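Here is a short report on chain contacts and helix packing. Look at the sequence and the model first.

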Amino acid sequence: MNWGSAGEFFAMGGYAFYVWGSFGVTALFLLVEVVMVVHRKRTIVQRLGRRMRMQAEVKQ
Amino acid sequence: MAVRQINWFKFSSPATFYPLAGKLIPYFAVLAVVLTVIGLYLGFFVAPTDYKQGEGYRIIFIHVPAAWMSMFIYVVMAAYAGMGLVFNTRLSSLMATALAPTGALFTFLALWTGALWGKPMWGAWWVWDARLTSELILLFLYIGFMSLKAAIDDPRRAARASGLLAIIGVINVPIIYKSVEWWNTLHQGATIKSSGTSMETTMLTAMLMMSLAMWMYTIAVVLARVRCEILEAERDTEWVATELSKSP
């Protein structure tokens with residue numbers, strides 16, 4: 001175990017800004033990418049579904 | 001003669017690949033989460049403090065895996081683009097398209113974490129060093145690939161032009177990899193060489209776990225994105241209509 005306390009852990013031996021800036025931004029961007037892909041899939045399914053129903057109405 | 005026939009092209013059909021990819025995503029996503037937890041635990045609680053760089057070195061646990069991913073993804077992307085050009089298979093070009101944003105993201109993260117590591121250790125966020133510059137060129141190659149693909153309306157021509165760019169750009173990957181040997185750079189040399197490593201075992205294990213986690217993450221996200229690409233490319237087909245009627 002490297003850390004005596006939680007405070008020591010978050011201080012990262014004085015490198016807190018650099019270490020947490022690296023891990024934080026990485027975590028944030030990866031999460032944002034996941035959300036964007038999930039959202040894109042939902043939008044496409046909705047849009048194509050609407051398009052399909054419209055085409056079906058035109059045929060009628 | 002009982003030779004087993006495997007139809008390798010079966011899964012290169014978007015209609016077959018779409019549901020297969022959908023089934024695989026949860027497995028890779030779970031693996032990515034589990035490996036990340038293991039990797040972060042090893043990286044922060046097991047790997048010891050570095051005698052030279054103190055706790056600041058812990059950036060390595062995302063910097064190196066992100067940099068590896070940025071190069072691997074490019075090679076895989078170019079391979080798919082090349083397959084698309086040679087065999088004219090639809091799925092290959094879609095895979096290349098789906099890989100590019102994640103590759104660009106990892107390239108950005110390698111540069112970002114590198115800057116945050118460079119500042120306390122070298123005293124500079126950025127230097128025009130061979131390793132850093134070639135990695136920046138990689139980011140521009142990804143952006144160029146995506147912009148070119150988006151700029152051309154006809155999907156076949158778009159795939160051909162961007163595929164060609166991807167293949168030509170591959171030359172940059174060995175340049176990034178070898179830059180620390182070929183040029184006298186500020187960036188440190190390779191930690192892991194064919195002759196072994198200079199790294200402590202727990203540090204190395206943590207780094208490899210984080211790399212595996214990023215691999216699994218990439219596979220999950222790229223499979224999800226290629227499903228979007230497939231739906232858009234095949235929107236006028238019968239199977240997409242059936243697929244859409246399943247999920248309202």
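**Chain A**

The model is predicted. Chain A contains two helices and zero strands. Its radius of gyration is 23 Å, well over the 10 Å that the globule rule gives for 60 residues, so chain A is more spread out than a compact globule. The C-alpha trace of chain A spans about 75 × 20 × 15 Å along its principal axes. Of its 60 residues, 15% count as buried.

**The contact between the chains**

Chain B brings 33 residues to the contact and chain A brings 24 residues. On the chain B side, four helices each supply at least two residues: α2 (60-87), α3, α7 and α8 (238-246). Which of them gives the most to the side that touches chain A? The answer is α3(B), with nine residues. By class, this side of chain B has 19 nonpolar, seven polar and seven charged residues.

Two packed helices are described by the angle between their axes and the distance between the axes. The table sets out both pairs.

| Pair | Angle | Axes | Handedness of crossing |
|---|---|---|---|
| α3(B) (residues 90-122) and α7(B) (residues 201-233) | about 130° | 8 Å apart | right-handed |
| α2(B) and α6(B) (residues 172-182) | roughly 160° | within 10 Å | left-handed |

Take α3(B) and α7(B). They pack at an angle of about 130°. From α3(B), the contact uses B:Arg90, B:Leu94, B:Met95, B:Thr97, B:Ala98, B:Leu99 and B:Thr102. From α7(B) come B:Thr218, B:Val221, B:Val222, B:Arg225, B:Val226, B:Glu229, B:Ile230 and B:Ala233. By class, that makes nine nonpolar, three polar and three charged residues.

Now α2(B) and α6(B). Their axes cross at roughly 160°. That makes α2(B) roughly antiparallel to α6(B). The residues in contact are B:Met71, B:Tyr74 and B:Val75 of α2(B), and B:Val173, B:Ile176 and B:Tyr177 of α6(B). How do they divide by class? There are six nonpolar residues, no polar and no charged.

Two of these helices also face the other chain: α3 and α7 of chain B are among those that supply residues to the side touching chain A. Helix α2 of chain B is on that list too.

Notes
Residues numbered from 1 in each chain as written. Chains lettered and ligands numbered in written order. Predicted model: local features only at pLDDT ≥ 70, side-chain atom pairs only at ≥ 80, totals over all residues. Axes fitted to C-alpha atoms, helices over the stretch in contact; angles between N-to-C directions. Left-handed = near helix turned anticlockwise from the far one by under 90°. Contact = placed C-beta atoms within 7 Å. Nonpolar A, V, L, I, M, F, W, Y, C, P; charged D, E, K, R; others polar. Rg over C-alpha atoms; globule rule 2.2 N^0.38 Å. Buried ≥ 20, exposed ≤ 12 C-beta atoms within 10 Å, placed from the backbone. Parallel < 35°, antiparallel > 145°, perpendicular 65-115°, else oblique.
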